[in-house]
Amino acid sequence: MPRIAIAALLRSGSMADQSEIDWDALHTAAVAALPSAYAPYSHFPVGVAGFADDGRLVWGANVENASYGLTLCAECSMVSQLCATGGGRLTAVWCVDGQGESLMPCGRCRQLLYEHGGPDLLVMTPEGVLPMTDVLPQAFGPENLEKAGN
């Protein structure tokens with residue numbers, strides 16, 4: 001997605017107040033990410049967008065591979081962009097299919113989102129907005145390693 005498109009989707013203010021998340025901007029950004037998908041095998045493009053805790057908009061699209069196990073989900077590319085552009089925590093995420101309909105992230109991606117957003121991350125799902133605690137109940141995360149002394 002070009003920088004101009006990203007800048008146009010950003011809203012003013014901090015994303016720290018999650019009651020003010022611009023869900024329309026997230027949906028627009030996730031749909032705008034779809035043309036970046038590389039899905040020659042499944043023909044199932046996926047786009048995703050998320051807000052970081054500093055207000056940045058990050059996005060991603062799935063990248064398939066002839067060796068199916070090496071396929072990268074859209075959430076993987078979004079989290080890579082998050083880390084490459086300054087890190088931080090995700091506060092809200094919306095994942096869409098090729099028609100712009102909401103998708104529930106797969107199990108692997110739920111774990112990835114939990115790692116980079118924590119239990120308070122809000123996820124738009126086919127049933128509406130849910131916190132990560134509902135999307136991935138009883139999640140395993142960094143706090144479990146801290147308890148174990150690792």
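**View 1. The hairpin of strand 1 and strand 2, with glycine 55 in its turn.** In this predicted model, four residues sit between the two strands, and glycine 55 takes a positive phi near 95 degrees. Strand 1 and strand 2 (residues 57-61) run antiparallel and share five bridges. One to look for: glycine 60 in strand 2 is the bridge partner of valine 48.

**View 2. Strand 1 and its pairing with strand 3.** Strand 3 (residues 90-96) is also antiparallel to strand 1, with six bridges joining the two. Here valine 48 turns up again, this time opposite cysteine 95.

**View 3. The buried face of helix 2 (residues 23-33).** Trp23, Ala25, Leu26, Ala29, Ala30 and Ala33 are the ones tucked away as buried here. Looking down the axis of helix 2, these buried residues fall within an arc of 160 degrees, so they line one face of the helix.

**View 4. Cysteines without a disulfide.** The structure holds zero disulfides. For cysteine 73, the nearest cysteine sulfur belongs to cysteine 109, 3.6 Å away; a disulfide would need the sulfur atoms within 2.5 Å. Cysteine 73 counts as partly exposed, at 22% relative accessibility. Cysteine 106 is in no disulfide either, and the nearest cysteine sulfur to it is that of cysteine 109, 3.6 Å away. Cysteine 106 is partly exposed, with a relative accessible area of 36%.

Terms used. Residues numbered from 1 in each chain as written. Predicted model: local features only at pLDDT ≥ 70, side-chain atom pairs only at ≥ 80, totals over all residues. Heavy atoms only, no water. Buried < 20%, exposed > 50% of the residue type's maximum accessible area, 1.4 Å probe, protein only. Arc of directions from axis to C-beta. Pairing = 2+ DSSP bridges.
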